[in-house]
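Thanks for asking me to take a look at this one. Here is the structure, with my notes below it.

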Amino acid sequence: MSQDDVPESLQTAADSDRPRGILTPSDRDFLLGRKTDYTDHSKKQKRNRIRRRVRNAILDFSILFEYMEERDRETVFDPDNEDRDAYTQGITDMLAFLHLGTMGYHTPFKDMLSEGVGKAEQRLAGSNYRMVNVEFNVDPVGQIDVDEVIEKLDNEEFAELTDEELRAFVRLLTMSDDFSPDAARENIKDRLDEYSSNVEESAQERERKLEELTN
């Protein structure tokens, strides 16, 4: 696999010149299929080494959480502008990897997520008395009535649209042969200024009415 064959969202992660992280450059080339002259035995050894690194990386996070200085942590999560999308994708895929990997694990992912967020909140507050409720549910999006959704859109009944309908409708829209990301992007950009202006006007009108009512 060449650099050109890698999806755009993975270009930064798959960069051959990127220094080692959990994976060495050789590990990346192996997983990406860039280097294929492995024997069955060397493939097995490579996979074993990668598994060990991932396991030890997970253990390292306990040390990072407890002992890494705040300024160092903040620097890690403050990438250059050109790398922000790649870092966001990396964080998203890290969570996806953990969620997928812990299915069937003896402690449910949602319990670990809840405990982790709780520990972070206590660290932020500097007190064990900081208690938070963390809700995490995976609810599959079911069938939607396309005609009903289009009717709501046509009547500008946007508040009547459910999150489930919006997600499913957008997915169906992008699957349509008539959908063009470039055309949609330009169309939305052309209307964005008008939309922003209307939002600003509505906010100003609200403030004016609120001031009249409170004076």
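The points below cover the ground rules, a helix pair, a surface patch and a salt bridge.

1. Please keep in mind that this is a predicted model, where local features need pLDDT of at least 70 and side-chain atom pairs count only at pLDDT 80 or more, while totals for chains, interfaces and linings use all residues. Residues are numbered from 1 along each chain as its sequence is written, and side-chain values use heavy atoms, leaving out hydrogens and water.

2. Have a look at helices α6 (residues 146-154) and α7 (residues 163-175), whose axes come within 11 Å and cross at roughly 100°. That makes α6 roughly perpendicular to α7 (a label for angles of 65 to 115 degrees). Helices here are DSSP runs of H or I with at least four residues, numbered from the N terminus.

3. The contact (heavy atoms within 4.5 Å) involves Val 146, Glu 148, Val 149, Ile 150, Lys 152 and Leu 153 of α6, together with Glu 165, Phe 169 and Leu 172 of α7. By class, six of these residues are nonpolar, three are charged and none is polar.

4. Helix α4 gives the most to the patch, with five residues; Leu 98 is found in α4.

5. The structure holds 15 salt bridges (a side-chain nitrogen of Lys or Arg within 4 Å of a carboxyl oxygen of Asp or Glu). Asp 27 forms one with Arg 53, their closest N and O atoms being 2.6 Å apart. This pair links distant parts of the chain, joining Asp 27 in helix α1 (residues 25-32) to Arg 53 in helix α2, 26 residues apart.

Technical notes:
Axes are lines fitted to C-alpha atoms, for helices over the stretch in contact, and angles run from 0 to 180 degrees between N-to-C directions. Helices (H or I, at least four residues) and strands (E, at least two) are DSSP runs, numbered from the N terminus. Angles under 35 degrees count as roughly parallel, over 145 as roughly antiparallel, 65 to 115 as roughly perpendicular and the rest as oblique. Ala, Val, Leu, Ile, Met, Phe, Trp, Tyr, Cys and Pro count as nonpolar, Asp, Glu, Lys and Arg as charged, and the others, Gly among them, as polar.
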